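Here is a short report for a reader new to this structure. Please look at the sequence and the model before reading on.

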Amino acid sequence: MLPIGVLALQGDFREHIETLRVIGVQAIEIRKPDDLSKISGLIIPGGESTVIDKLSKIFSVREPLIKLIQSGFPVFGTCAGLIMLANKIIDGTPTQESFGGLDIEVRRNAFGSQVDSFEADVEFADSGSVHVAFIRAPIVATVGSEVETLAKFGSDIVAVRQDNLLGISFHPEVTGVTAVHEYFIQMCRDANFQHHK
Amino acid sequence: MTESSNKNTSTPLVKRGLAEMLKGGVIMDVVTADQAKIAEDAGAVAVMALERVPADIRAQGGVARMSDPDLIDGIISSVSIPVMAKARIGHFVEAQILQSLKVDYIDESEVLSPADYLNHIDKWKFDVPFVCGATNLGEGLRRITEGAAMIRSKGEAGTGDVSEATKHIRTILGEIRALSAKSEDELYVSAKELQAPYELVKEVARTGKLPVVLFTAGGVATPADAAMMMQLGADGVFVGSGIFKSGNPAARAAAIVKATTSFNDPDVLAQVSRGLGEAMVGINVADLPAPHRLAERGW
């Protein structure tokens, strides 16, 4: 399998690369559109979604990535990455855009300011309980009919999957949890995505 | 419901975690809501809300204090990115006020006039995370011991002269490299020399890095300055007076953001350095009399 890419425009991309290293998966940093053809799946890390949006346009990653997403390429977004994969953003800035792909509405900073950030245990898919961090985290406000909910926190949806796209509100890479990354790697293996030259 | 019993706010991991999300980004000083919007539009990862940028504090003199809560509220409501604000060194009540305003980070900053020439704020007592300045590793480790969740090398704020920023980031990272080369029984003396707790010194020696994110600050005025700080090993940059004291703040802010992401690509750096208008005029640190050097505040 080709390596997994981690979008390295801004945010905690190094923690994702470290989490992949722990589970024995090769990872490369993605900053240019050409890099996208060298990988079998992509992680969009935590960071500031407004900044990742802007930098993806400046460095011409946006359009090729949207094409890949639409052609079934596996992509996993955490926190800001979830926002980038949502079809609709609530409480974004007036000019902010996402890549889209997940038929969801996502609410930015849904829990409040930094003093409302927290650690918690969440039941994720079939992986059981995982201990993760929610940092100025978004939540999934609404889901379309094709979207599967993989985790809730209280009544809030915090992890979703639609075909080859996985999006979560929280940070397993900050607490050192590998289960969610293992789940994504299995998605990439199953997808076995072939790039067209 | 299990939610409330299973929810821990303000843990060290959560406090340090926000700084992790800011890495690779630029945090910009702003004095009005309009400037905050310009900064956000240019791609700032966070803004630092204050009444006067360091260059003006320097020019106008007098005692520099925490900003008016109305100004901070106005900035918080005008942007969606994290908002930081400065408290004076040791002024724990200014910090209590900033926490009540729900800023996302407090900067216990040497740019303001110190309120305590002996003690820094006990930052563990707060729910909101703190960033503190450091000129060397020992100073950084003392701030972490007091509860800082993020460190920034100090540089010399309000000068537009990057030389002190270079010195401080090189010193901190060089001292970490030297520590990593030592055997464990030599670290007791290192802890004494650094005036920092042994366990923390040992952790830094073992991991080869600080346990918190390390940004750089103080004198960054151009895209090339920002990229140099990143190449030297900073996780991100603070730009204070360098943006809104320049000829074209929006263009300069955007260029510094691009340079911070593409810090290793000279072709990109050449391109983003073009046509930015005048940089801030600046002051050579060597011409500053010692009592006017802000970096020496902090103990």
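The report below covers a strand, some salt bridges, the nonpolar cores and a helix.

## Basis of the report

This is a predicted model, in which local features need pLDDT of at least 70, side-chain atom pairs count only at pLDDT 80 or more, and totals for chains, interfaces and linings use all residues. Residues are numbered from 1 along each chain as its sequence is written, chains are lettered from A and ligands numbered from 1 in the order in which they are written, and side-chain values use heavy atoms, with hydrogens and water left out.

## Strand β3 of chain A

Helices (H or I, at least four residues) and strands (E, at least two) are DSSP runs, numbered from the N terminus. In a regular strand the side chains alternate between the two faces of the sheet. Strand β3 of chain A spans residues 41-44 and is covered on both faces. Gly41(A) and Ile43(A) lie on one side, Leu42(A) and Ile44(A) on the other, and all are buried. Buried means under 20% relative accessible area, exposed over 50%, and partly exposed in between (1.4 Å probe, protein chains only).

Two strands pair if DSSP finds at least two bridges between them. Strand β1 (residues 4-7) of chain A pairs with β3(A) in the parallel sense, over three bridges. There, Gly5(A) stands opposite Leu42(A). Strand β4 (residues 75-78) of chain A also pairs with β3(A) in the parallel sense, over three bridges. In this pairing, Ile44(A) is opposite Gly77(A).

## Salt bridges

A salt bridge is a side-chain nitrogen of Lys or Arg within 4 Å of a carboxyl oxygen of Asp or Glu. Over all chains, the structure holds 28 salt bridges. One of them joins Arg108(A) and Glu48(A) at 3.7 Å, N to O. Arg108(A) lies in the loop between β6 (102-107) and β7 (118-124) of chain A, and Glu48(A) in the loop between β3 and α2 (49-58) of chain A, so the pair ties together parts 60 residues apart in sequence. Both Arg108(A) and Glu48(A) are buried.

In chain B, Glu110(B) and Arg152(B) form a salt bridge at 3.0 Å, N to O. This pair links distant parts of the chain, 42 residues apart: Glu110(B) is in the loop between β5 (105-109) and β6 (130-134) of chain B, and Arg152(B) is in strand β7 (residues 150-153) of chain B. Glu110(B) and Arg152(B) are both buried.

## Nonpolar cores

A nonpolar core is a set of buried Ala, Val, Leu, Ile, Met, Phe, Trp, Tyr and Cys residues joined through side-chain atoms within 4.5 Å. The largest core has 129 residues, and Leu42(A) and Leu141(B) touch the most other members. Helix α7 (residues 163-180) of chain B gives the largest share, six residues. A second, separate core has 34 residues, including Ile4(A), Leu150(A), Ile168(A) and Ile185(A).

Contact means heavy atoms within 4.5 Å. Setting aside neighbours within four places in sequence, the contacts of Leu141(B) include Leu194(B), Ala196(B) and Leu200(B). Val201(B), Val204(B) and Leu210(B) are also among them.

## Helix α10 of chain B

Helix α10 of chain B covers residues 223-232. Its buried residues are Pro223(B), Asp225(B), Ala226(B), Ala227(B), Met229(B) and Met230(B). The buried residues of α10(B) pack against α7, β8 (213-216), β9 (237-239), α12 (249-261) and α13 (266-272) of chain B. Gly233(B) follows α10(B), and its phi is positive, near 120°.
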